[in-house]
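Me: I'd like to talk through a few side chains in this one. Can you take my questions one at a time?

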Amino acid sequence: MKKNLRIIIGLVLVLGCTKDYNTLEDITFHGGYIAFAEEPDLSFNILKLDTESFTGTLYDPNENATNYTLKAAFGDLETETLVDISSFPATISFTIPEILAKFGLTIDDVDLNDKITFTAVVTTPTGVFDGRSPNYDVNNINQGGDTTDRLKFSGHHNAMDFSFTFFQPEGVKIRGTSFEEVPIGLEDAVYVRNGDNDETLDLMNGETPPFVDYMAKGTGKDDELGFDSEYIAITDISTSSLGFSEERIGVFSLLEDYEAYPDGIQGFHSEDADGAIRITFDTVHVPAGQEDSGVSFEIFFGVTGWEELDGLHAYANITTDDDSGVLELASIFSNETENSAGQWLKIDSGYQKGIRSYQLVIQIQSGATPESFDLDNIIIYEAQEEQ
């Protein structure tokens, strides 16, 4: 047995050292795979798309590719072949406007959550290899590509299936509020409303907290925004009675459902209103000459059973140099509310062009079951100045 083992080892060594006969290559199938020599930058500043560009150097780690083609997709749109290369290494380069033009789009058509996906096809002497990941159906038939997800892990610099994404640089606060300046009372204090329980009308502060209205102390960056609350009756929102007389509604410091507020130690709370509480914040003007601005806030839906009419509608009344209008921010109801419950959720407009003022309006509504809402960290912001 030992003699036979020596013969086998010797044969492998001899064959492995022969130039014209490589045992490893004979028993290993080499697919087509192209990678970037260095990981390129694939994320772009959405405020600078007119000048952003991409450059990457391609190489063939298997040394068997005879051709590499590349296409791009944006939503339901797809380009013709962007790149057709037959020798490596090779450098590819294009600007973001050039790529968008292939779709018939401009930079104004790109939103923060969009992405452009690139897929390659590589030809070798042994076949044609699609850059998409395999996708086997119930009959074990591949409906996708030929490139395993493992080759797309970080570090492989894969040029077979990659995407451009967009980021928003952090903004600078113009005005905002985290409700920190509003006096608060005990955690179990209740707001005693004015008017009839189910009457649609403007709510007014009582003599003691919780408070539902607030007048700003100033107009500076660090002065918190004022706000005004109203109750709105909504037909069929409650299976019992419509409206409320005494509930925990207004500004509180509550840590019952979460460990901390996103900013500060206070927020606006509403529960069991059997209707809607609409909060309108002071109008904030964007500094003259600033073309990029936005608005954001954070909401916490309590963990409970949410019904069809329970949820949030948020928008901003806006003005531009020539007109006025409404910027829709969020409409979250029913299952969406339930899926978002138990965590702070940030609602952000992203940067908007040419808006001169914002008046944020948030409407939170719930029926008879004990749904609860918490609001915090309202910010109207502008883009940072170039350094």
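This is a predicted model: local features need pLDDT of at least 70, side-chain atom pairs count only at pLDDT 80 or more; totals for chains, interfaces and linings use all residues.

Me: Which side chain of opposite charge is nearest to Asp374, and how far away is it?
Reply: Asp374 sits in strand β26, residues 372-382. It's buried and has no salt bridge. A salt bridge would need a nitrogen-to-oxygen distance within 4 Å. The nearest side chain of opposite charge is Arg248, at 7.9 Å.

Me: So which side chain makes a polar contact with Asp374?
Reply: The contacts of Asp374 beyond four places in sequence include Phe268, His269, Glu298 and Trp344. Tyr258 is on that list too. At 3.1 Å, the side chain joined to Asp374 by a polar contact is that of Tyr258.

Me: How far apart in sequence are Phe118 and Phe162?
Reply: Their rings are stacked, with centres 5.1 Å apart and 10° between the planes. Both Phe118 and Phe162 are buried. Phe118 belongs to strand β8 and Phe162 to strand β10, so the pair ties together parts whose separation in sequence is 44 residues.

Me: Over which ring does the charged end of Arg193 sit at 4.7 Å from the centre?
Reply: Arg193 lies over the face of Phe244, but there the distance to the ring centre is 5.3 Å. The ring with the 4.7 Å distance is that of Tyr231.

Methods. Residues are numbered from 1 along each chain as its sequence is written. Side-chain values use heavy atoms; hydrogens and water are left out. Helices (H or I, at least four residues) and strands (E, at least two) are DSSP runs, numbered from the N terminus. Buried means under 20% relative accessible area, exposed over 50%, partly exposed in between (1.4 Å probe, protein chains only). Lys and Arg count as positive and Asp and Glu as negative; His and the chain ends are not counted. A polar contact is a pair of N or O atoms within 3.5 Å; within protein, one must be able to donate a hydrogen and the other to accept it, and residues adjacent in sequence count only if both atoms are side-chain atoms. Contact means heavy atoms within 4.5 Å. Rings of Phe, Tyr and Trp (its six-membered ring) pair if their centres lie within 6.5 Å; planes under 30 degrees apart count as stacked, over 60 as edge-to-face and the rest as tilted. A charge sits over a ring if NZ of Lys or CZ of Arg is within 6 Å of the ring centre and within 35 degrees of the ring normal.
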